[in-house]
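These are my notes from a first reading of the structure.

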Amino acid sequence: QLGRMFVMAARSMGYAVVVLDPDADCPAAQWADQHIQASYDDTAALDRLAQQCAAITTEFENVPARSLEYLARLRPVRPSAIVLAITQDRIREKKFLKSHGFVTAPYAVVEQRLALAEALQQVATPALMKSSRSGYDGKGQRWINSLAEAEKAFDDLGGQPCVLEAGVMIQTEISVLLVRAVDGQVVAYPPGENIHREGILDVSIVPARISSELTERATQIAIRIAENLAYCGVMAVEFFIAKNGELLVNEIAPRPHNSGHYTVDACATSQFEQQVRALCGLPPGDARLLSPAVMVNLLGDLWRAEQAPPWERALSHAHAKLHLYGKHVARPGRKMGHYTVLGESVESSFSQAMAIQNALKMHAELTR
């Protein structure tokens, strides 16, 4: 869906877009000028992509970094393969953050099962074990409270290298979305406040209900991270605000972010237009928030027997904007779309957004 919304923005700006994706029904291809259906490491497909495109970007961080290295010999690739190599591996990402002085939750690297006992001496329980690669939306993660649970979690995650991260008493989760241009110019959006359910983003509230001091500090940290990565493109930095007020960097997303979908409806320039601008060497657009906004994800749990929810429950609200991603199969936990509610205040937007969510959930329960 991130690729789909990027393609829509690019097409509206007059650009032609070629999508490379192994899925015949990928949402981005529905709007693209051409779809190269191939794996991300198919050299012949990468050659075709480079021949037809002036510049290349990605919509998620699990594209093999080697594929981007290959493409970068032929065309500009933004963000770079080096950035993806860091951010697609939690161990490398944690080490990068630590080496540049950015504060994270306490953690230990676990590369083999025998290292678990030592890691648990460094990290207090409850702790969260995260696979080093390919985790998203709560996947590849297990909470543990003992060595036995850690060993089982390590085995369940495939025995691959992991990060063992101390559980933090969290006050709020926020994300800072920014765009950094080829010349280093940076524009940041106001931090969003994020509410997760079962590891998946449920609701984003913008602007976040935090102090101006925390807003400024989180924004400056995100900008410094982008500068240290020599980043070019749209990036989100996720933060924990601990109960003691400490600001901890959680993860870096080297792409448009789910929490930034509100920008399509509520900002002068959407995060997807910003991605097009950065890729094409243009300066960032105006990132002003034109209206407080609340974005709510729509998961496959709301569908019943492949029947879509009654969208009139959302669209009967004049300030609600519905976005569906063109996915043909609804599964529990799968992101099928989102809606954004605009309003004069965060409180009014949130109240209306929750009323819509409750109505959709109630319909799903009644038709179960």
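**Notebook entries**

I began with helix 10, whose buried residues I list as Gln-271, Phe-272, Gln-274, Gln-275, Val-276, Ala-278 and Leu-279. I note that the model is a predicted one. Helix 10 spans residues 271–279 and is mostly covered, with 7 of its 9 residues buried. I then asked which elements the buried residues of helix 10 pack against. They pack against helix 1 (2–12), strand 7 (170–180), strand 11 (233–242) and helix 9 (263–266). Just after helix 10, I found Gly-281 with a positive phi of about 75°.

Next I turned to the cysteines. I found 0 disulfides in the structure. I recorded Cys-26 as buried, at 4% relative accessible area. Cys-162 is also buried, with a relative accessibility of 0%.

I then examined the largest nonpolar core, which has 26 residues; those touching the most other members are Ile-174, Ile-225, Leu-229, Met-235, Phe-239, Leu-247 and Val-249. At least two residues each come from helix 4 (81–87), helix 5 (90–99), strand 7, helix 8 (212–228), strand 11 and strand 12 (247–253). Helix 8 gives the largest share, 7 residues. Apart from this core I noted another, of 19 residues, including Val-294, Leu-302, Val-341 and Ala-364.

Last, I looked up Phe-239. Beyond its neighbours within four places in sequence, its contacts include Ile-174, Ile-221, Leu-247 and Val-249.

Key:
Residues are numbered from 1 along each chain as its sequence is written. This is a predicted model: local features need pLDDT of at least 70, side-chain atom pairs count only at pLDDT 80 or more; totals for chains, interfaces and linings use all residues. Side-chain values use heavy atoms; hydrogens and water are left out. A disulfide is a pair of cysteine sulfur atoms within 2.5 Å. Buried means under 20% relative accessible area, exposed over 50%, partly exposed in between (1.4 Å probe, protein chains only). Helices (H or I, at least four residues) and strands (E, at least two) are DSSP runs, numbered from the N terminus. Contact means heavy atoms within 4.5 Å. A nonpolar core is a set of buried Ala, Val, Leu, Ile, Met, Phe, Trp, Tyr and Cys residues joined through side-chain atoms within 4.5 Å.
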